[in-house]
Amino acid sequence: MKLQNPVSNSFPESENVANMSASSTLKAAQKAAQLREQGFKVIDLTVGEPDFPTPKFITDLAIEGLQKGLTKYTASAGMKTFQESIVEFYAAQFGAKFSTSEVAAACGGKQALFNACCTILNPGDDVLIPKPYWVTFPEIVNFCRANSVFIDTEETDFQLTAEQVRNAITDKTKLLIVNSPNNPTGRIIPADEMRKIIEVCVENNVYVLTDECYLFFAYPPSEVFTSAVLPPELRKFVCVAGSFSKTYAMTGWRIGYTIANEEWTRAMVKLQSHSATHPTSFVQYACAQALQQREKSMEAVGEMLAEYDKRRQWLIPALGEITGIRCANPEGAFYAFLDVRQLLGDKFKTSADVAEHLLNEAQVVVTDGAGFGAEGFLRFSYATSMENLQTAIEKMKSLFGSKNDGNSSAAA
Ligand SMILES: Cc1ncc(COP(=O)(O)O)c(C=O)c1O
């Protein structure tokens, strides 16, 4: 008799999963955890989540949801009240007009992105992804057996332009994935350029997935922009992937949503009905109620933004004082993206070597840019205390030297 599963030391992982690489951001976080277990005091600058607690009024609302008995299945697209709250919130906050049939709840921004890609991509389709990119984008594209086509944005200081998109589109292009405010660069695509980018895509029948997970984290004078406000003829080609994770410091609650045309939404809901089904019922309730208390929600977000901004205003000039490091001011999100190419030479061949040196010599853990398609760069998260940031900078100055000491030849 033929054995169905021959005894083997290696698990017969599917090709789809075998082709995925483990998240480089998670790998760095794991390294930090290992060092901590060994008793080292580690400064972890890899974290992609707010260091604030979820606002208490939201936690209270979740408890209220539980007490109301909202512990059963909901519709796969989410509770009606959840969909309505998204519609009303976007109308009041941004002047956007769309209907509940264009909204679907998802288990975080990540699932929103997965749902969007899996329902539009076929094997062999080309997907435009501006570089540097969030690590998950090419992995989802791979999973769909589509091809990632990267658009290099370094010559425009990591700012994606409509011209770059126009030049990259071919007959095979099906989708563009944009993320603004951007992880890892902190860049924000201005509203008029975003509109032009989407116009170029629509002219060419290319769909656009906008990852708006950091939507509310824009530092003045930069402004928040959501593609949900675009007119119907443009929005028809757009799927907005939204998330509560960063906005309300709710990363563990796993809730996000999509805003897309009815057909795309129906397809995503169909897919979701066979996977996660829907995000947790009382979490949907809490989020819906929180959005209805718009002023309170925005006040909570404003407090977090002010704190990130304080850190940013201290951190970026401080980084600029370290020999061999350049860092542009992030316009949004909570990451500093460091150009360390001046440090590369005999001692450090790659930015990963610089990250490793920081880890071994200073117990400062950062994320290598190579995972974001940006070799020569490092990503620092400032979703951590000022004290941690100050210690990290002191340690880096003693490792690499300070421009103020006149030590400008640390290239090694
Ligand atoms: C750019 C970007 N998009 C989406 C997400 C997904 O977040 P979540 O699934 O928690 O909403 C993240 C999380 O780090 C992110 O950085």
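Q: How many residues are in the largest nonpolar core?
A: It has 120 residues in this predicted model. Ala-116 and Cys-117 have the most contacts inside the core.

Q: Which helix gives the most to this core?
A: Helix α11, residues 281–292. It contributes 8 residues.

Q: And which domains does this core draw on?
A: Domain 1 and domain 2. At least three residues come from each.

Q: Back to Cys-117. What is it in contact with?
A: Ile-140, Val-141, Cys-144 and Leu-209. That leaves aside neighbours within four places in sequence.

Q: Where do the domains run in the chain?
A: Domain 1 is 15–53 + 298–397. Domain 2 is 56–293.

Q: What separates their centres?
A: 25 Å, taken over C-alpha atoms.

Q: How many residues of each domain are in contact with the other?
A: 33 residues of domain 1 are in contact with 28 of domain 2. On the domain 1 side, α2 (24–37), α12 (294–320) and β10 (335–339) each supply at least two residues. Helix α12 gives the most to that side, with 7.

Q: What classes of residue make up that side of domain 1?
A: There are 17 nonpolar, 11 polar and 5 charged residues.

Q: New topic: the ligand. Which residues come nearest?
A: Gly-108, Gly-109, Lys-110, Ser-243 and Ser-245. They belong to a set of 13 residues around the ligand.

Q: How does that shell split by class?
A: 9 residues are polar, 2 are nonpolar and 2 are charged.

Q: Now Val-364. Where is it found?
A: In strand β11, residues 364–365.

Q: Is Val-364 buried or exposed?
A: Buried, because 24 other C-beta atoms lie within 10 Å. The cut-off for buried is 20 or more.

Q: What does Val-364 touch?
A: Beyond residues up to four places away in sequence, Val-364 touches Ile-43, Leu-45, Leu-358, Leu-359, Ala-392, Lys-395 and Met-396.

Q: How far apart are Val-364 and Ala-306?
A: 58 residues in sequence. In space they are 25 Å apart, C-alpha to C-alpha.

Technical notes. Residues are numbered from 1 along each chain as its sequence is written. This is a predicted model: local features need pLDDT of at least 70, side-chain atom pairs count only at pLDDT 80 or more; totals for chains, interfaces and linings use all residues. A residue is near a molecule or strand if its C-beta atom, placed from the backbone, lies within 6 Å of it. Ala, Val, Leu, Ile, Met, Phe, Trp, Tyr, Cys and Pro count as nonpolar, Asp, Glu, Lys and Arg as charged, and the others, Gly among them, as polar. A nonpolar core is a set of buried Ala, Val, Leu, Ile, Met, Phe, Trp, Tyr and Cys residues joined through C-beta atoms within 7 Å. A residue is buried if 20 or more other C-beta atoms lie within 10 Å of its own, exposed if 12 or fewer, and partly exposed in between; C-beta atoms are placed from the backbone. Helices (H or I, at least four residues) and strands (E, at least two) are DSSP runs, numbered from the N terminus. Domain bounds come from an automatic or database domain assignment. Two residues are in contact if their C-beta atoms, placed from the backbone, lie within 7 Å.
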